[in-house]
Amino acid sequence: MMAKITWKGIDIKEATALTFKILKLVMPVSGVGMVSTMCLFLALVYYWFLLPYQLFTYPILLTLILFLIAHWILVNTLYNYILAILIHPGKSKGSGPSKCRQCRTNRPERSHHCKTCGYCVLLMDHHCLWINNCVGYYNYGYFMKACLYAWLGAAYGTLALLPEVFAFSRETSVIFLYQDLPNLCIIAWCVCLAVLVGFTIMNGWFLYLISLGMTSIEYKQLSAWKTGVVSPYTRGTWANIAYALGVRDGRWSMLLRPCYFIPYNYWSTVDLEAVETQY
């Protein structure tokens, strides 16, 4: 018989089984629902535990600064995430230099067919489960900024919860005397850490592609990792990043606040207005 493995009185086997049961119930829900559920859980932990802990532990000025940072990250994340969901990535009107074998209609360059959506998407990067939408021409900037702010939020949560995680492990925490808080806060810290690691890898990959002036599909099609092919659409590393994030006239401060994303015209030889439409 397998020995019972516990940590701080928590049965690891039972906790793992419970986690899989929860995932089994949650998985049928859309990615947007899963993200919303996770955000609500983290917000509950923040307002129920972390904010009172900061008020109890830190000077009031430091607590106010941390409060403002947390809500600055929250507002920007939600703004960009919601718009990435709601804004259509762009759909071809049926004219352009190439022809789609699935749609059997013409399309502009850099467009690709999405099997999930059932049409050709302008400047398609991929279909994202977590926004239930394609990432394309009109919402790419919102998607990337949502990912970057989600990374900041995960970093904030990981660092802010870390002192109490250490205190809990040493059984020196005052806040953790409440019996219902330890498991919730440990889970929240693990979620933040997992999101931080995941977004570090994903954002690094996307920023690398952006710096090359390529989408994920174009990188795969050009076999760039083998051939070293340079994208014909690249305008230099920083210009590519600025174009992808919607930075205009060198105003990088635009990334620090919610703002409307106006995509650049990547088509040097194609009249964009004549070949596509935004729904």
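Hi everyone, let me start with Asn-132, which is exposed, its relative accessible area being 53%. By exposed I mean over 50% relative accessible area; buried is under 20%, and partly exposed lies in between, using a 1.4 Å probe and protein chains only. Asn-132 sits in the loop between β8 (126–128) and β9 (133–135). The strands and helices I name are DSSP runs numbered from the N terminus, with at least two residues (E) for a strand and at least four (H or I) for a helix.

A quick word on the model itself. It is a predicted one, where local features need pLDDT of at least 70 and side-chain atom pairs count only at pLDDT 80 or more, while totals for chains, interfaces and linings use all residues. Residues are numbered from 1 along each chain as its sequence is written, and side-chain values use heavy atoms, with hydrogens and water left out.

Most residues other than glycine have a negative phi. Asn-132, though, has a positive phi, near 50 degrees. Arg-104 also has a positive value, with phi near 60 degrees. You'll find Arg-104 in the loop between β4 (98–99) and β5 (106–107), and Arg-104 is exposed at 65% relative accessible area.

About 950 Å² of surface is made by Leu-55, Ile-60, Leu-61, Leu-62, Leu-64, Ile-65, Leu-68, Ile-69, Trp-72 and Leu-256. Helix α3 (residues 60–86) gives the largest share, eight residues. What counts as a patch here? Its residues have over 30% relative accessible area and no salt bridge, with nonpolar side chains (Val, Leu, Ile, Met, Phe, Trp, Tyr) joined within 5 Å and like charges within 9 Å. A salt bridge, in turn, is a side-chain nitrogen of Lys or Arg within 4 Å of a carboxyl oxygen of Asp or Glu. The accessible areas come from the Shrake-Rupley method with a 1.4 Å probe, and for residues only the protein chains shown count as cover.

Rings of Phe, Tyr and Trp (its six-membered ring) pair if their centres lie within 6.5 Å; planes under 30 degrees apart are stacked, over 60 edge-to-face, and the rest tilted. By this rule there are twelve aromatic pairs. One of them joins Trp-72 and Tyr-149 edge-to-face, at 5.5 Å centre to centre and 85 degrees between the planes. This pair links distant parts of the chain, with Trp-72 in helix α3 and Tyr-149 in helix α4 (residues 140–169), 77 residues apart.

Another edge-to-face pair is Trp-238 with Trp-252, 5.9 Å centre to centre and 90 degrees between the planes. Trp-238 belongs to helix α8 (residues 237–245), and Trp-252 to the loop between α8 and α9 (272–275), 14 residues apart. Trp-238 is exposed at 62%, and Trp-252 is partly exposed at 34%. There is also one aromatic cluster of Phe-49, Tyr-53 and Tyr-58.

Last stop, Leu-184, in helix α5 (residues 181–212). Leu-184 is partly exposed at 24%. Which residues does Leu-184 touch, not counting those up to four places away in sequence? They are Phe-41, Val-45 and Trp-48, where contact means heavy atoms within 4.5 Å.
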